[in-house]
Structures are given as structure tokens and as C-alpha cells.
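Look over the sequence and the 3D structure below before reading on. The briefing after it is grouped by topic.

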Amino acid sequence: MTKLRALWSGDLALNEAFWTWTVTVGLLVNIATSILFLVLILQEQPLAALLVGYGLSVPYNIVAIVGVFRSAARYDGPPLHADLARLASVLLMSALTLT
């Protein structure tokens with residue numbers, strides 16, 4: 001939980017916020033919730049599927065995007081890297097949310 005708070009507040013290094021929490025953990029969270037969504041749909045529990053499928057993944061995706069944006073604002077490297085991380089995080093999390 002401490003790392004998630006650090007992600008949210010932008011206290012993590014940009015590479016950790018992006019590669020670890022947005023790409024790696026983000027993919028795992030979204031794959032897991034998608035699988036649970038499908039299982040619950042097959043068990044004819046659409047409300048539970050909706051809550052699991054979107055109620056868990058969307059908040060995480062928002063935290064990941066906000067964390068990358070805040071970490072990028074503190075990034076001391078080339079501004080292009082910060083801008084690309086912002087863009088990629090929005091595109092990735094949007095794609096994962098919509099699929």
C-alpha cells in the first residue's frame with residue numbers, strides 16, 4: 001500500500017512509475033479482472049462481473065495514469081521522455097479499460 005501511495009503522489013521515479021506500475025502491474029491487474037469478468041458472465045452474474053471488471057481495473061488505471069503524470073512532472077531527464085511516458089500511459093490504460 002505504501003508503494004501505491006507513493007505512485008499516486010508522484011514520489012516514485014518515472015521509470016518505476018511507468019514500467020513497473022503502469023505497464024507490468026497494469027497489465028496483470030487488467031488481465032486478471034478481464035478473466036474474472038468472463039468467468040462471472042459465464043456464471044450469469046452480470047452485476048458482479050461489472051463490479052470486478054470495471055470496479056477494480058478502472059480505479060487502478062486512474063491511479064497509474066495520475067502517478068505517471070506526477071512522476072513525469074518531477075523528472076529531471078529529457079522532457080521528451082516525460083511526455084512520452086504520459087502519452088503511453090494514457091493510451092495503454094485507455095486501451096486496457098476499453099477492451
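Leaving aside its neighbours within four places in sequence, which residues is S71 in contact with? They are G10, L12, A13, L14 and A17, where contact means heavy atoms within 4.5 Å. This is a predicted model, in which local features need pLDDT of at least 70 and side-chain atom pairs count only at pLDDT 80 or more, while totals for chains, interfaces and linings use all residues. Residues are numbered from 1 along each chain as its sequence is written, and side-chain values use heavy atoms, with hydrogens and water left out.

**Overall layout**

- The chain has 5 helices and 0 strands; helices (H or I, at least four residues) and strands (E, at least two) are DSSP runs, numbered from the N terminus.
- Read from the N terminus, the order of elements is α-α-α-α-α.
- The C-alpha trace of the chain spans about 50 × 25 × 15 Å along its principal axes.
- Of contacts between residues at least 6 apart in sequence, 65% join residues at least 24 apart.

**Surface and charge**

- The chain has 99 residues, and 31% of them count as buried; buried means under 20% relative accessible area, exposed over 50%, and partly exposed in between (1.4 Å probe, protein chains only).
- The chain carries 5 positive and 5 negative charges, whose mean positions are 8 Å apart. Lys and Arg count as positive and Asp and Glu as negative, while His and the chain ends are not counted. Each charge is placed at NZ of Lys, CZ of Arg, CG of Asp or CD of Glu.

**Salt bridges**

- Side chains of opposite charge can pair when their charged atoms come close.
- The count comes to 3 salt bridges, a salt bridge being a side-chain nitrogen of Lys or Arg within 4 Å of a carboxyl oxygen of Asp or Glu.
- K3 and E16 form a salt bridge through their side chains, at 3.0 Å from N to O. K3 lies in helix 1 (residues 2–9) and E16 in helix 2 (residues 14–42), so this pair ties together parts that are 13 residues apart in sequence.
- K3 is partly exposed at 41% relative accessibility, and E16 is also partly exposed, at 22%.
- R74 pairs with D11 in a salt bridge whose closest N and O atoms are 2.5 Å apart. This pair links distant parts of the chain, 63 residues apart: R74 is in the loop between helix 4 (57–73) and helix 5 (79–98), and D11 is in the loop between helix 1 and helix 2.
- D11 is exposed, with a relative accessible area of 52%.
- D83 and R86 meet in a salt bridge at 3.0 Å, N to O. Both residues lie in helix 5, 3 residues apart, which is about one turn of the helix.
- D83 counts as partly exposed, at 42% relative accessibility.

**The nonpolar core**

- The largest nonpolar core has 16 residues. Such a core is a set of buried Ala, Val, Leu, Ile, Met, Phe, Trp, Tyr and Cys residues joined through side-chain atoms within 4.5 Å.
- Helix 1, helix 2, helix 4 and helix 5 each supply at least two residues of this core, and helix 2 gives the most, with 5 residues.
- The residues with the most contacts inside the core are L12, L14 and V68.
- Not counting residues up to four places away in sequence, L12 touches K3, A6, L7, A17, W21 and S71.
- S71 lies in helix 4 and is buried, at 2% relative accessibility.
- V68 is in helix 4 and counts as buried, with 0% relative accessibility.
- With neighbours within four places in sequence left aside, V68 is in contact with L14, A17, F18, T22, A85, R86 and S89.
- V68 and L4 are 64 residues apart in sequence, and their C-alpha atoms are 12 Å apart in space.

**A loop residue with a positive phi**

- E44 is not a glycine, yet its phi is positive, at about 55 degrees.
- E44 sits in the loop between helix 2 and helix 3 (46–55).
- E44 is exposed, with a relative accessible area of 69%.
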